Amino acid sequence: MRLLTSSFFLCMTTSSVTVVHAYDFIITSKGGFYEAITDVNGTQFGERFQNPAINEAGDQIGTSQGFGYSFAPNSTSDPANKNRIFFLDDGQIELMDEAIVVATGSYEKYTGGRISENIASFGPDYTLEITLLEPEEVGSIASTADQTQQVYETFKITAEGGFALPFMSPSGEQFGEMFQNPIFVKNNKTGDWEKLKDG
């Protein structure tokens, strides 16, 4: 088996700055769809969903659609790896967790930014307030002249010591996969790679 290895840089920023921002729209479970994704034993490892997006006046302005997976075998049923798309009247926003990967139309300026989520209600209908943050806003939250500490690390992900599990249809066709691979961090002093500990 050929082992695939990739390296990337990550800049971690710490700060105690708080920015107040009114929400842009709401995602609600009312009128939506939810289905758990389970393995052959009935254990949930993911979910798929579709929910209306509404404005402050309660008018539907689009749809949120996506899925998520919990990759670690012993992780919770609430997925931490979510892919979502907001199909909105004035454009489209594609997300990986809270990161805005690409946005179109009147939302194009948010590409490279993030969303902030606030749970406004758990019931009877789950309601989530979504705030869109431009890349510059994310930077202002993450940095000030005297409150920021930048730490640069080099990481490596390798298939060795990991696992991959294909998702198969009843007819035997693969339609996806679940995988987990170890992450190594480079020791800047020695140049050695050290495995990050779980948890």
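Predicted model: local features only at pLDDT ≥ 70, side-chain atom pairs only at ≥ 80, totals over all residues.
Visitor: What share of the residues count as buried?
Guide: Of 199 residues, 25% count as buried. The accessible surface comes to about 13,000 Å², and carbon and sulfur atoms hold 52% of that area.

Visitor: What part of the contacts joins residues 24 or more positions apart?
Guide: Take the contacts in the chain with a separation of 6 or more; residues 24 or more positions apart account for 43% of them.

Visitor: Is Ser64 buried or exposed?
Guide: The general idea is to compare the relative accessible area with a cut-off, and buried means under 20%. Ser64 has 3%, so this residue is buried. Ser64 belongs to strand β5, which covers residues 60–69.

Visitor: Which residues is Ser64 in contact with?
Guide: With neighbours within four places in sequence set aside, the contacts of Ser64 are Ile27, Phe49, Gln50, Asn51, Ile85 and Phe86.

Visitor: Which side chain does Glu47 join in a polar contact?
Guide: The partner is Tyr34, and the polar contact between the two side chains is 3.1 Å. Glu47 sits in strand β4, residues 44–54. Its relative accessibility is 9%, so Glu47 counts as buried.

Visitor: How many aromatic pairs are there?
Guide: Rings count as a pair if their centres lie within 6.5 Å. By this rule there are 6 aromatic pairs. In one of them, Tyr69 and Phe167, the ring centres are 5.6 Å apart.

Visitor: Why is the pair of Tyr69 and Phe167 called tilted?
Guide: Planes under 30 degrees apart count as stacked and those over 60 as edge-to-face, with the rest tilted. The planes of Tyr69 and Phe167 are at 40°, so the pair is tilted. The pair links distant parts of the chain, with Tyr69 in strand β5 and Phe167 in strand β12 (residues 163–168), 98 residues apart. Both Tyr69 and Phe167 are buried.

Visitor: Which residues form one aromatic cluster?
Guide: Tyr69 and Phe167 form the cluster together with Phe45 and Phe67.

Visitor: Which residues make a nonpolar surface patch?
Guide: A patch is made of residues with over 30% relative accessible area. Here Met96, Val101 and Val102 make a nonpolar patch of about 220 Å². Met96 lies in strand β7, residues 91–96. The relative accessibility of Met96 is 33%, so this residue counts as partly exposed.

Terms used: Residues numbered from 1 in each chain as written. Heavy atoms only, no water. Helix = DSSP H or I, 4+ residues; strand = E, 2+ residues; numbered from the N terminus. Buried < 20%, exposed > 50% of the residue type's maximum accessible area, 1.4 Å probe, protein only. Contact = heavy atoms within 4.5 Å. Patch = residues over 30% accessible without salt bridge, like charges linked within 9 Å, V, L, I, M, F, W, Y side chains within 5 Å. Areas by Shrake-Rupley, 256 points an atom, 1.4 Å probe, with all protein chains shown as cover. Salt bridge = Lys/Arg side-chain N within 4 Å of Asp/Glu carboxyl O. Polar contact = N/O pair within 3.5 Å; in protein donor to acceptor, adjacent residues only side chain to side chain.
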